[in-house]
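Good morning. Please look at it on the screen first.

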Amino acid sequence: MAIQLIVNGKAQSVDVPANMPLLWVLRDTLGMTGTKFGCGMALCGACTVHIDGEATRSCITPVSSVAGKKITTIEGLSPDRSHPVQRAWIEVDVPQCGYCQSGQIMSAASLLAQNPKPSDSEIDEAMKGNICRCGTYQRIREAVHRAAALHKASATPSRFDGEDAKEDAFNEQAVEVGGAA
Amino acid sequence: MSAGTTTGINRRSFLKTGVAGATGLVIGFYLPGRFEALAAPVATVPPASLNAWMLISTTDAVTIVIDKSEMGQGILTALCMIAAEELDCNWKNIRTEFAPAAKEYFNPAFGMQGTGGSSSVRSSWDPMRKAGAAARDMLLQAAATQWNVDKSTCRTENGVIYHDASKRKVTYGGVASAASKLPVPQDVPLKDPKQYRIIGKPTKRLDTPDKVDGRAQFGIDVRQPAMLYAMVARCPVFGGKVASFDATKAKAVPGVKTVVEISRGIAVVADNTWAAMQGRRALDVKWDEGPNANASSESISALFADQMTKTGAEARKEGDAASALTGAAQKIEAVYEVPYLAHATMEPINCTADVRADRVDVWAPTQFQTMAQGMAAKICGLKPENAFIHTTYLGGGFGRKAGTDFVMEAVETSKAIGKPVKVTWSREDDTQHDYYRPASYAKFAAGIGADGWPVAWTTRIACSSIMEAWFPGSTKNNLDPTSVEGVANLPYSIPNIQVDYVRTEPGIPVGFWRSVGASQNGFFSECFMDELAAAGKKDPYEFRRRLLDKAPRLHGVLELAAQKAGWDKPLPAGRYRGIAVLEAFQSFAAQVVEISVDRKARSLKVHRVVCAVDLGRVVNPANVVMQSESAIVYGLSSALYGAITISHGRVEQTNFNTYPVLRIDAMPTIETYIVPSEEKPTGAGELAVPPLVPALCNAIFAATGKRIRRLPIRAEDLA
């Protein structure tokens, strides 16, 4: 049956079983391979995407449950690696093999959208669902702090005011970008 | 990085070859697929190939062909640094491509193309520098000829050739085509290291940008036109096979196209991965479980223990350990044991293959291109040169992706269905069908003199032979060096040493796991050393330091680690530390681990790890630090959680819930210090794994007075 999705701001119609996990719709049906398969049980975080801004494990998310919602993948976080988290990841040189980093970056972006200045323990709490076998955790902590600083430096004060507080650049950039694949 | 990384190279031919003696330079190494990928967007003129590793386009793009697998260890950047240093090109113009499988790219450490054993920088250091220097010389010559001046009056800087006297200049791209037609010069002088402007400087990884936006292509991301997706059902018992199967229910799953039997099981082929998973779940298979169906971790441990009465293959013999033991003032004995370990690369195992009548294409996250090529060619009845291996990025390797099992599955499935197919493993498949770090069992005895210093050391080890499993007949006298490394090369000045090995094969597949034998033997030997220090009433650091009098580089890293950790200063209340030092892969590392233990809660916190390394001249210090962090986390995961256990001939663990690995909330602070050295460079990928576990366990002893002699560390060990 046809399911209507909004992926990185672009409407997509996919004809797949309703219980097919979003991960495989993204990777196999839509050819967006930036989102990774790691465990299939929401244990490792490699498949993390944003659903209406919330970090979500796409490997256990039935595609029918996200119909009509805003789906943001790593390809849609920014058009040009300019999202503060991507910039920080490049500055700190976080990735090694890089396989888990799409998920790490999506989790970090979601954390910072909710908590613009997290402490080390808040970072650990938010990021402990994301496994990295290359052991880049020390750099992930550093890069999340760096992203928070970059974000603060670039954001206009109004973004942190009132109703805008949750719709800051971390989310805005994500949904405004056109589809990538 | 070019989008053609995984798809650009389909066929190669030589326009003109001029193999230049020992340098291995090849001129006119023509790779049509690559040319198309590189040239299309910018120019109609294909890039000029100066040797097997370096191509330069008319727009000055310098393509470095990466003949090692990039699995996180940073080799892509290191190879570019080595090449660029001698080529003197503009760093910003560098692009990379992974090499096809070809003899020009054989790693002398293995006699084939492959990545492992921390050998990459070590083996590429000379060829890559020589290739860069020769290519630069050819570019200089081409410019000099064009200007009708002597080559010696020209110079290069950052990808530009200058003739200062006439104020002329030309970029490399301007003369690359002419340069590629020149003979390869012999013995071009290499730079004096004092002039290095790239090697030795902390340098950002070239692959980072593609790894922050989902662009990097891993094996699992490969998509080919008309490609199908497969999952393979394998016998859960090692050595078992298919007795019979019924595919009716599997074929009824929407999206499933076909079901075929292959050597390693039953492949369920579908139009997406999810459908293949569902189809495999619905498949009815009866397995012939074979001779290992009763194996268990307990039976394997008992088998090892039985071997301790046998005399094994001699790995080291100095003096007369037996007599020295008998005459010693004190005799210390201990038995150490470790379980099997899975690699658990973040990218699950996968491979894509397209078998045609006259060729086979394989896209794989492989560490060993030559073995993958041989496997694909053999299955298809083709010559190896008609098996085209397209190496992708590897989402972790750690030795696991040296295997050809996944290549076999994809090629056999594609051959059976006549279409391109990607075989993807689930995490459960990966955990249960690995080539495991061997379980190992070791018995130690040592004699200590009246002065507290050791006079004798003996070790007997029982475990599977990795080398015999992978390369049958490759060991001599039944001695596998990988089974004893980390003990047999004990560096301490002890007058009587005896180490032997009893090869024992419980039927569980084994393989190379980051740092190989040193991973378990380093734990054994450095914890037993700590036992000797305690028995002789010596400080564990001073004890080692004095006994390393004939091992200056180990002595150096030990002192550096102790100094940086503040070994001579008291720790805050509740903090404890342990130390260990080891040689691995011709490199040297020492670590001090600082912990606290909550004995009531039976829990442990690792606060800080100080690591000192000596790996000769360092190409990229920034990467050495990253690899140290990475290796420490890998070792820490194994110490705290790592256990693959066997019951009824099958692995009991399945996914990250039953085979846990370190997460960010348990991450210690890691500090890495590099010993300055002008020795030949070695490798950073594995070096820092072995000392972590013993340093940690020695810290636990300092905290609790209890020795950890089997892994992983259990709650009761901390009580």
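One term before anything else: a salt bridge is a side-chain nitrogen of Lys or Arg within 4 Å of a carboxyl oxygen of Asp or Glu. Please also keep in mind that this is a predicted model.

Now an example of that term. The side chains of A:Lys36 and B:Asp221 form a salt bridge, with N to O at 2.5 Å. That value is inside the 4 Å cut-off, so the pair counts. Between chain A and chain B there are 5 salt bridges by count. Polar contacts were counted too: 32 residue pairs between chain A and chain B, with both residues at pLDDT 80 or more.

Which helices of chain A supply at least two residues each to the side that touches chain B? They are α1 (22-29), α2 (84-92), α3 (101-114), α4 (120-127) and α5 (137-154). The largest share comes from α5(A), with 5 residues. Sorted by class, that side of chain A has 22 nonpolar, 14 polar and 12 charged residues.

Next, the extent of the contact. Chain A puts in 48 residues and chain B puts in 62 residues. The size of an interface is often given as the accessible area lost when the parts come together. Here chain A and chain B bury about 4700 Å² between them, and 57% of that is on carbon and sulfur atoms. On the chain A side, the residues that lose the most area to chain B are A:Gln96, A:Arg133 and A:Gln138, which together make up 18% of what that side buries.

On to the interior. In soluble globular proteins, nonpolar side chains tend to be buried together. The largest nonpolar core in this model has 253 residues. The members that touch the most other members are A:Trp89, B:Leu139, B:Ile161, B:Trp457, B:Leu696 and B:Ile713. Helix α3 of chain B, residues 120-147, gives the largest share of this core, 14 residues.

Take B:Ile161 as a case. Leaving aside neighbours within four places in sequence, B:Ile161 is in contact with a list of residues including B:Leu139, B:Leu140, B:Ala143 and B:Trp147. Charged residues are on that list as well, among them B:Arg155, B:Arg168 and B:Lys169. Another core lies apart from the largest one; this other core has 32 residues, among them B:Ala267, B:Ala353, B:Ile389 and B:Val421.

Back to helix α3 of chain B, where B:Ser120 is found. Is B:Ser120 buried or exposed? B:Ser120 is buried, because its relative accessible area is 8% and the cut-off is under 20%. Not counting residues up to four places away in sequence, B:Ser120 touches B:Lys68, B:Ile75 and B:Thr115.

Last, the backbone. Most residues other than glycine have a negative phi, and most peptide bonds are trans. I have some exceptions to show.

A:Arg81 is not a glycine, yet has a positive phi of about 60°. A:Arg81 sits in the loop between β5 (70-72) and α2 of chain A, and at 23% relative accessibility counts as partly exposed. A:Asp93 also has a positive phi, near 60°. A:Asp93 is in the loop between α2 and α3 of chain A, and at 4% relative accessibility counts as buried.

The peptide bond from B:Leu711 to B:Pro712 is cis, with omega near -5°. B:Pro712 lies in the segment after α18 (689-704) of chain B.

That is the end of my part.

Terms used
Residues numbered from 1 in each chain as written. Chains lettered and ligands numbered in written order. Predicted model: local features only at pLDDT ≥ 70, side-chain atom pairs only at ≥ 80, totals over all residues. Heavy atoms only, no water. Contact = heavy atoms within 4.5 Å. Buried area = accessible area lost by both parts, 1.4 Å probe. Polar contact = N/O pair within 3.5 Å; in protein donor to acceptor, adjacent residues only side chain to side chain. Helix = DSSP H or I, 4+ residues; strand = E, 2+ residues; numbered from the N terminus. Core = buried A, V, L, I, M, F, W, Y, C linked by side-chain atoms within 4.5 Å. Buried < 20%, exposed > 50% of the residue type's maximum accessible area, 1.4 Å probe, protein only.
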